[in-house]
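Have a look at the model first, then read on.

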Amino acid sequence: REFLESSTAGDRSGSFGVLFEVTAKRSILIQTFAVKHFGGNGFNFHVFTKSGSIGSSYSDASAWTKLGQASYGTLSSTLNNPVTLPSQNLSPVMLNAGETQSFYIACVGNYFRVHEESAGTVVENSDASIAAGLNKYPYDTLFHSSTQGLGSTKYMFQGKLIYSYGVEPPSASPSDIPSVVPSISTEPTFISKAPSDVPSLSVKPTGAPIDPTAQPTISTAPTVDPYKEATIQISIPSQLVLSGFQMPTSQVKINTVLTLLADTIKARASVKLNSNQRVKSVKILSINGVPFNGSSSRRLQDSALIEYEIILEEICSTSKCDDSQAVANALYQSVTQEMRASIDDGSLTTAIVQSAQASGADADALLSAAVESGDFGEVVTTIIGLLGDFYPDWSGGGYCLNDGNEPDYMKLNPSLWVYSTRSSCCTRYYSYAYNDCMGSDAVPSGKYYPDWDQNQESRCVSDGQEPD
């Protein structure tokens, strides 16, 4: 992942909400933000977006779309600063070159860091720019009317814009007919009349037949990935503090060390999992606050605060994953307890050092390392359901389809265009027509809503007929 750091020299200030504009210089997919703060308790971040500039919509909730939220019971001003909001919590935003998108980050319960700047202040790199905007006070409502920055003084978000490179859709659909009709040969170019040599035939076998040593193995059914069924996926934002560790100076060694760390953590987190559970992946997100994307050329400091993410999956016991939250909580407790125990008794340190010894010189930075402490954020739960491959149908006739006919540019970059569920595809590309996009597959939420029809005896009903 790439990032644009927003760090300006203006007067430091605390804020409960900041609005700013991002303009893309190339196609980018905005995934999340890292937010600088002052430490403390009770951080509840909410992230909103709207197309184009902020304009006069700074207090108009209907003009904004919520991307997601993330909560933290406690944040340290030194160990987890800036705090990276889990990308699984936020819907990504695609920007093509020249497009501007406004963002609003609000925090209920505590304040975070902004800088006062003059009008026109921007931070930028070769991919995008961030323009200073407005300061808000979301006390009783996230779009409270109290706003600062409407004059010459503006407010700059302090932290990082985290994104990946996107692929822009083609300007026109490809032609269905090739420019040249291929020639078709109606007859083969040659006919083989007979083999050059007649094979020799043995009239009698040379010896008695030999009985087979064992029965042949017969596979009665193809192998099926059980995780293609209804599945609960959870993400655990985590961090480790290593001592006795010197960050390697070469990129090859950095990649080796961090891959080794991820593999060791994955193995340790898998110790007590059953056959219906697995660690899908462990991702190293940053080292000392510097996002890691496997190709960073920036020299990292010689210390080791490792921020990472454990992604686990468990097959649902029912087709609808009715007990998803209870299962997710139990899985979270099992894995985090095992990880804490391995940190406290030194077994995680031992496993890291042994892996480094087996990996040779490229991992020698870990030979004297010791895990001093670890921490785990709140669990993020996703019900994957019956997996499919849904993509946006730009022709306008089918919204999100899973017929396997997505264009080649989507097949070449499925992580950007293809979603595992119709709901996630509809939310990403057709939020303005979500019910139409979901079609016959839309499922009533089962929640109650106010029925304004005075003829109804009950004012709150749960019949799935709530207005759009």
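## What covers α3

The buried residues of α3 have a cover that includes β16, α1, α2 and β20 (370-376). Those buried residues are L348, T349, A351, I352, V353 and A356, where buried means under 20% relative accessible area, exposed over 50% and partly exposed in between, with a 1.4 Å probe and protein chains only. Helices here are DSSP runs of H or I with at least four residues, strands are E runs of at least two, and both are numbered from the N terminus.

Some housekeeping: this is a predicted model, so local features need pLDDT of at least 70 and side-chain atom pairs count only at pLDDT 80 or more, while totals for chains, interfaces and linings use all residues. Residues are numbered from 1 along each chain as its sequence is written, and side-chain values use heavy atoms, with hydrogens and water left out.

## α3 end to end

The end C-alpha atoms of α3 are 18 Å apart, which agrees with the 18 Å that its 13 residues should span at 1.5 Å a residue; the expected span is 1.5 Å times one less than the number of residues. Just after α3 comes G360, with a positive phi of about 85°.

## The partner, α1

Helix α1 runs to 19 residues and reaches 27 Å from first C-alpha to last, close to the 27 Å expected at 1.5 Å a residue. Its buried residues include I254, V257, L258 and I265. The cover over the buried part of α1 includes β16 (231-243), β17 (277-287), β19 (304-315), α2 (324-344) and α3.

## How the two helices cross

Two packed helices are described by the angle between their axes and the distance between the axes. For α1 (residues 251-269) and α3 (residues 347-359), the axes come within 10 Å and cross at roughly 135°. Axes are lines fitted to C-alpha atoms over the stretch in contact, and angles run from 0 to 180 degrees between N-to-C directions. The pair is therefore oblique: under 35 degrees would be roughly parallel, over 145 roughly antiparallel, 65 to 115 roughly perpendicular, and the rest is oblique.

As for who touches whom, L260, L261, T264 and R268 in α1 meet S347, L348, A351, I352, S355, A356 and S359 in α3, with contact meaning heavy atoms within 4.5 Å.

## Over on β16

S243 is found in strand β16 and is partly exposed, at 25% relative accessible area. S243 touches S368, A369, A370 and E372, leaving aside residues up to four places away in sequence. S243 and S368 are 125 residues apart in sequence and 8.2 Å apart in space, C-alpha to C-alpha.
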